[in-house]
Amino acid sequence: MTAPADNKPLLDVRGLTIEIDTRRGPAVIVDGINLTVGKGETVGVVGESGCGKSLTMLSLVRLLPNKIRVKSGTAEFAGRDLLKMSKSELRQVRGGKIGFVFQDPMTSLNPVMRIGDQLCEPLIYHRNMSKADARERAIELLRLVGIPGPEQRIEAYPHELSGGMRQRVMIAIGLACDPELLIADEPTTALDVTIQAQIVDLVKDLRKKLNMSVVWITHDLALIAGLVDRVAVLYAGTVVEDAPVNELFARPTHPYTRGLLASIPKLSDERASRLSSIGGTPPEPGRRPKGCPFAPRCALAESVCHERVPVLEPVAGSTGHRVACFVAQRQMMEAA
Amino acid sequence: MAAEPLIKVENLVKHFVVRLGAFGERGATVYAVDDVNFDIFAGETLSLVGESGCGKSTTGFTLLNLQKATSGKVLFQGENIVSLDEKRMRPYRRELQIVFQDPYSTLNPRMTIGEVVGEPILFHKLATKAELPERVSRLLADVGLPARFAQRYPHELSGGQRQRVAIARALACEPKFIVCDEAISALDVSVQAQIINLLLDLQEKYGLTYLFIAHDLAVVRHISTRVGVMYLGRMAELASREQLFSNPLHPYTKALLSAVPEADPELEKTRQRQILTGDVPSPLAPPAGCRFHTRCPIAMDKCKAVVPEWREVVPGHHVACHAVEQGAAG
Amino acid sequence: MTITPVILSSTVADDEPPVSLWRDAWHRLLRNKLAVAGLAVVILLAFVAVFGPWLTPYDFLTQDLNARNQAPSLAHLFGTDDLGRDVFSRVVYGTRTAFVVAIVVTAIAVVIGVALGAMAGFFGGMFDRIVMWFTDMTMSVPNLLLVVVINASLKTPITAWMEARYQATLNPFYRETIWVDFLLVFGSMALISWPPYARLVRAQVLSIRGRPYVTAARALGLTNRLILMRYIVPNAIGPLIVSVSAGLGTAMVLESAFSFLGVGVNPPTPSWGNMISDGLRVWQHYPHLLAAPAAVLGLATVAFSFLGDGLNDALNPRGSK
């Protein structure tokens, strides 16, 4: 459920714009994103590859790759702007108050370090724990994320664990310092469905136990349906729709969200019936069209859509549901 | 389904031997596909589902004789094609095609799209050089690409467009049968639906038969006629789409279906899930008896020792599980 | 029957001409300033090597005992050596030696390495194991030792044989001991230079052989020969080009090193290596005798290295991004 309105959100990103250097000069790949995450809230950030969902999150802790940088915007975390923090302050946040879980546990874990040492590192660094205490805590964390025989597994190297187990270790590292916010970037994409179900269940369970906020980045709308409180849909570097999860699935308003939902095969479908699909392909990062980025693929696009960029406006008759679409906004006006 | 099958797979086995040690003196066997039986009927879409390492892709590759089968038969037009050498296999290659998962490595980066699609046509002498440009444009049109793309190189195309070219290349041979090996798994959600529609359209237009290998059950449910579930190299269950999704018999199928998320928050909140514990064992050392017994919620003593027989429990519904009664309707 | 409507490409604009990966790589190379500078120096040196005899004011052997050990001047750009020979002319001829040795050695090494590596990678099995065992054995012998042993054991018998042939035929060809030098230098250097090429090509072929587009070609029924020529070779050649560019530079350094040690090209034939060796003995008095050949050798090495790096970035754009 969304945090009460009077409560300040834990994370408040405003007007975040990210640029990439290309041969043709700098190009905007994330364009003025606004995103809030309340205390104890789980937010799904949904979008296709290249929509800027991962870059947005990486930029918060200044882990952007080369040639990509934040151009403007603020990102307040617990009242402080992450983008203006000094490097040493940031290091306290990174892996401390904000935990990360990445997509590929094999490449995110250091292959030549025992998982116990990788778990202890943030504890010793952020919490000034002694080695023995850190080890105790590491075992406790491994038990928390459901790894059997944590006393033995703590001595294992990453390659000795299965993919699902490695992702559990990644989550344990993300949780090591009791973060207030856990950012999970496609944490189950590389995993099989039965393992994915285990990980989803684990995160649901932990979030309640630890009362933390979670941002779950994914391309899979079905996956987050039962997992998050609120969803932000990204397309080509902008938030096109932002709504409580039930509201989004019941009343998708942006043509892109509607297209995405309609293109997911459903239980009730006839065999081999045509799926409704969105024509064309998403623009390449750095080659975003003028106006609404979705306009070239949008069946409802009007001339204004190719000229100006729509901003997020509240959807009439619901709380916390906002959409950035000229056509949808006009239709609401007419209906009202 | 009284018709004679297009392809009959009988007791297909594929074991890989991996060499270990400095001089390859120690060998270990990967039991990738073990004693798999199924038929594929003309015009249908048979899907193979299962988790990574279950042997579904290896089944597809072995079936096309792209990997040598360890034993067993694959009968196509009365010939056991897995016993043929490359030369005698050549005429069958034209009729049996494949589309791969990764759109970025499926096309030779040094060839233009026109060359990619035209090569099989010239090689199998399906058209003369003079007829080629027209053939290529027609194939590109079939997969929804403009003819001018023939001049382009793969790196100039998006993932979805490349996958369309890969489909056009397979179609160029005028095949009867196409293996789609995770053909849509690597694509963006909005593009996946386009390619699914394309595959369905082409099936209707050319009367194609598909073996659709995938792990996304929602997609499989959408496009299949029949579905086979594999676990650790063995078939667990095979039934019509309706039977499998509404009345799964094998405990693994049940768990797999229950793990698939639905795009419906209300349903997801109330849904009872059966979550399997543990991981898939290594195919280097599969468990004895039923390979699923280590994770099975209803495993009995018998399951640990005896390999369950592959039986047709009701017409058209095959399952390999000791706990399923003959004639079980669910 | 409806087929999905033609989709608009958002990846390429319609008016942009198609660009092959080769053209693309060439453009990337031209944007790399260091690589272009390297390429320019390499072309200049190659030009000097080819047209050297028409560029130099003096013969490299002509001694002028009245003008010994002169400092650089307009008459002698790099000065003269202890026998009064023009150092500029000798450096120019040394360039010729360096290029001939580098090109011939690299060519032999590439032919051996590519043939063995490609077959080992493509066919695998026993053949692969034998080739790789042989490659590892060759690589494990210290280079210098091998070259010294070959020179020491073969030079005398070959020279004697040449002298005998001359006595028998009076063909002046057999009087040219330079051929013996070249044969031994080429032979021994090629012998130690091919294994890296074999390894590189084998690894390339192994990785390309497993790519889906090769499997797709097999699924189309294409013959092994077609698959090798159209799929594997064109895709394996990029890293080979990089390696050859770096290899040419390495071969020049090797030749100089061997000549410096007296197991390469022998005087009076000019080589940067034996010039450096001579210059080193008197460098405190006549530094130009050391500086000229050393500077040119350094320039050539750096040029090939920049060119190699540039080619690498151009041909493997993902690595450089």
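Predicted model: local features only at pLDDT ≥ 70, side-chain atom pairs only at ≥ 80, totals over all residues.

Residues are numbered from 1 along each chain as its sequence is written, chains are lettered from A and ligands numbered from 1 in the order in which they are written, and side-chain values use heavy atoms, with hydrogens and water left out.

Let me begin with chain C. Its secondary structure comprises 11 helices and zero strands; helices here are DSSP runs of H or I with at least four residues, strands are runs of E with at least two, and both are numbered from the N terminus. Of the 321 residues in chain C, 45% are buried, where buried means under 20% relative accessible area, exposed over 50%, and partly exposed in between, with a 1.4 Å probe and protein chains only. Among contacts in chain C with a separation of 6 or more, 68% join residues 24 or more positions apart; a contact means heavy atoms within 4.5 Å.

Val148(C) belongs to helix H5 of chain C, residues 143–169. With a relative accessible area of 35%, Val148(C) is partly exposed.

I turn now to chain A. In which order do the four strands of the open sheet stand? The order is S2-S1-S4-S5, with antiparallel pairing; two strands pair if DSSP finds at least two bridges between them. Strand S2 (25–37) and strand S5 (80–81) of chain A are at the edges with a single partner strand each, so one side of each has no neighbour in the sheet. Strand S1 (residues 11–22) and strand S4 (residues 68–77) of chain A run antiparallel and are joined by eight bridges. Within this pairing, Arg14(A) is opposite Thr74(A) in S4(A).

Finally, the loop residues. Most residues other than glycine have a negative phi. Asn128(A), however, has a positive phi, near 50°. Asn128(A) sits in the loop between helix H4 (115–127) and helix H5 (131–144) of chain A, and is exposed at 67% relative accessibility. Leu170(C) also has a positive phi, near 60°. Leu170(C) lies in the loop between H5 and helix H6 (178–209) of chain C, and its relative accessible area of 58% makes it exposed.
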